[in-house]
Amino acid sequence: MEKLSIKDKKLEAINLNVYYGEKKVLKDVNIAIKANTVTAFIGPSGCGKSTFLRTFNRMNDYVEGFRKEGDIIIDGKDIYQKMVRVEDLRKKVGMVFQKPNPFPKSIFENVAYGLKIQGINNKQLIEDTVEKSLKQSALWEEVKDDLKKSALSLSGGQQQRLCIARALALEPSILLMDEPASALDPISTSKIEDLIWELKEKYTIVIVTHNMQQAGRISDNTAFFYMGDLVEYDETKKIFTNPEKERTQNYITGRFG
Amino acid sequence: MTNADKNRIKDKMFEYFGIACTLFAIAMLVVFLGDILMTGIKKIDFNFLTSYPSSRPKRAGIYPAWTGTLWILSLTAIIAIPIGIAAGIYFEEYAKKSKMASFLEINLANLAGVPSIIYGLLGLQIFVRTLNFGTSILAGACTLALLILPIIIVSTREALKAVPDSIRQASYGMGANTWQTIWHQVLPASTGGIITGIILAISRAIGETAPLIVIGAAAYITKIPDSPMSDFTVLPMQIYSWIGMPDKDFAESAAGGIIVLLFITFLLNGIAVFLRNRWQKKVKW
Amino acid sequence: MKRVLMICAIITVLTTVGIVWVLFSESYTFFQHVSIIDFLTDTEWSPLSTNKHFGIMPLLSGTLLITVISMCIAAPMGITIAMYLSEYAPKKFRYYIKPILEILAAVPTVVYGFFALTVVTPFLQNYIPNLAGFNALSAGLVMGIMIIPMISSLSEDALYAVPKSLREGAYGMGSTRLQTTFRVILPAASSGIIVSLILAFARAVGETMIVTVAAGNMANLTADPRETVATITAFIVNMSSGDVQQDSIEYQTIFAAGVTLFVFTFILNSVSFYIKKRFQEKYD
């Protein structure tokens, strides 16, 4: 894996250790992610990949007993510093969750929510942003005739694309996706995968997945986690055809996990 | 007869016993509602609703009683609803797992179990005497508000709890803070449950007699209330005082008053149940 | 905003503080004049007569007599109904019956009092000689009916919370519903059911209007349900609706009675809260 110069590092973790109470769930993780790439975190259940993902937008702050050592740097800044406002961080770092979680409101209101909480009132701006975001997440054509419809009436795959549009409306530079397609059917999954590939042009994407084929299909780089350790991080092609570590090899070939 | 046969018979018998108990409870309800209807229905007419109490049962009416009930319920609602919802939000969304939180919880659980007459004693000393509200609607409303506060808080919490956490996570994930999340997402989604709880609390307040007697709600009132500082009576109190009259004809007046009281109570409860069903159907997570 | 909400939450604490302060401060004055020993052991309660006695026993016995009668009705019936609805009844039956039972719980207690006085007492007088016009039995029976929904609803929740796997285990071995219910489900839900009984008991102890209307107001140390009695609550109501001078010993008796009631129900509620917290962990 090429060494990145400082200005190329979009996201970085340095000597990161994470604890839930007494239990250590991430050990000495060091990783640097380049802008406009898709990075996949893979590994068996419970290996810490979701936890690690959430350190980048501080969603772990809500978990009782959460404690970290080490640093998380985004765009050259330590995001855990006292002066960092978490609300601002999350406008820059968007998140899509495993199970689609649209608000029980209309499609329009879902996408507009992020703008609303920022205090943006300009009706035209909001409408334009909603349209742009829905187009970016490849949902516009399907819903443009009735944006007032309840978001809950959409199919699972559509709801997830709505959640993506919602996150994109804030114009983040980084998109964190926690197993975004695992709750969806194969057709929706492939739509989402195509979408991720397109979004790469403008965004830096980190995706947690337990589906190795998915990681192989859509990511540039892959990080393999096992029991809280970052075992190997390299170009996806390399990880899947010629990994350095034996453990990686065993996981890829299905020997465990 | 085998053991299995014996067991089956016992099972069937218990089933019948269970049905019998259930039907007995319902039968009691029917009997006593029926009795009250029969005794009191002839009293219900416009005169009854617009007359003042009198020493003669034929003339006695519930005008001051139901206007007093309306006054005190409105005032109680104005006081208790905002405070109850706010406290419920605080308990459920902000104060979690701190020492303060457990203390508040235990305290709340206790308050819910305090007999209503004790609230009356509290109201007597604090609102009537110390704060000098006198035996007024304001004193009564403050007392009842404290009484139903735990009910509103608990049902607000239940309604908030029912909102799935994924919604909150989605909102936080987009950079909203706690209050924005509550105001824009959680509260709107729990409105149905909160309103149901409020209606049930109000319907409970309507029937409360003991605390108001202790406060000094009058039994014999000759005018309808015109301000929060007026003396007052309420429907259940009027009924109570008629029950206590030696003249047997007052039993009819009491029954008439009960019919009006039950009508209002059941109406409120019915609305609450209807809303609860409707809301549960609407929001299917 | 958080601060505003917190202040509202603190009002609940202030309420408790207020109750404790009011009750204990007036009682303190009372106990300056009346020794606690007398209060607890004197068998006569006559604060208004010239020869004053301040023994709480008659009021306590009145309260307990009626409460026990009501629990004798409500407990078996309430639990049976809960078992029936939870384990036997077809869904439709349950769907219609539950709201009707809730109606029983919604009726104002003064209405129950009326019923006890004007229907139950005359009815019973046909069968029970020497049944006083105001008596403990009618009040107890009607109160029992009023409490049934409380016990049945809470017990049903407790039964319902028992995991399906336990039921399936029992049925899979060929048990009848009765056996499963009594031997498996009931024990598993026992803490919840006990909590419902304690809460119902506390409710009965604190109930005022039914007893005031139907049981009378004669402080009477007796175990005979046919007699007229006075409960703590009835005494408080009657005393405060009469003309009592503030700061007189008679006025303070209201609070002495009140503090007794409060302590009693506080203990009961705390015990049930403790049981709930301690045993609910089982299934989480």
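Predicted model: local features only at pLDDT ≥ 70, side-chain atom pairs only at ≥ 80, totals over all residues.
## Strands in chain A

Let's start with a strand pair in chain A: strand S1 (residues 9–20) and strand S4 (residues 66–74) run antiparallel and are joined by eight bridges.

S4(A) and S5(A) make a hairpin, with two residues between them. One residue to check in that turn is A:Asp75, whose phi is positive, at about 50 degrees.

## Chain B on its own

What does the secondary structure of chain B come to? Eleven helices and zero strands. Follow chain B along the sequence and the pattern reads α-α-α-α-α-α-α-α-α-α-α.

As for its dimensions, the C-alpha trace of chain B spans about 75 × 70 × 35 Å along its principal axes. Chain B has 285 residues, and 51% of them are buried. Now take the contacts in chain B between residues at least 6 apart in sequence: 77% of these join residues at least 24 apart.

## Where chain A touches chain B

Next up is the contact between chains A and B, which brings together 19 residues of chain A and 16 residues of chain B. On the chain A side, the elements that give two or more residues are helix H2 (86–92), helix H3 (107–117) and helix H6 (156–168). Which of them gives the largest share? That's H2(A), with four residues.

Sort the chain A side by residue class and you get nine nonpolar, three polar and seven charged residues.

## Where chain B touches chain C

Chain B also meets chain C, and this contact takes 63 residues from chain B and 65 residues from chain C. On the chain B side, helix H1 (residues 3–40) gives the most, putting in 17 residues.

How does the side of chain B that touches chain C divide by class? It has 46 nonpolar residues, along with twelve polar and five charged ones.

Methods: Residues numbered from 1 in each chain as written. Chains lettered and ligands numbered in written order. Contact = placed C-beta atoms within 7 Å. Nonpolar A, V, L, I, M, F, W, Y, C, P; charged D, E, K, R; others polar. Buried ≥ 20, exposed ≤ 12 C-beta atoms within 10 Å, placed from the backbone. Pairing = 2+ DSSP bridges.
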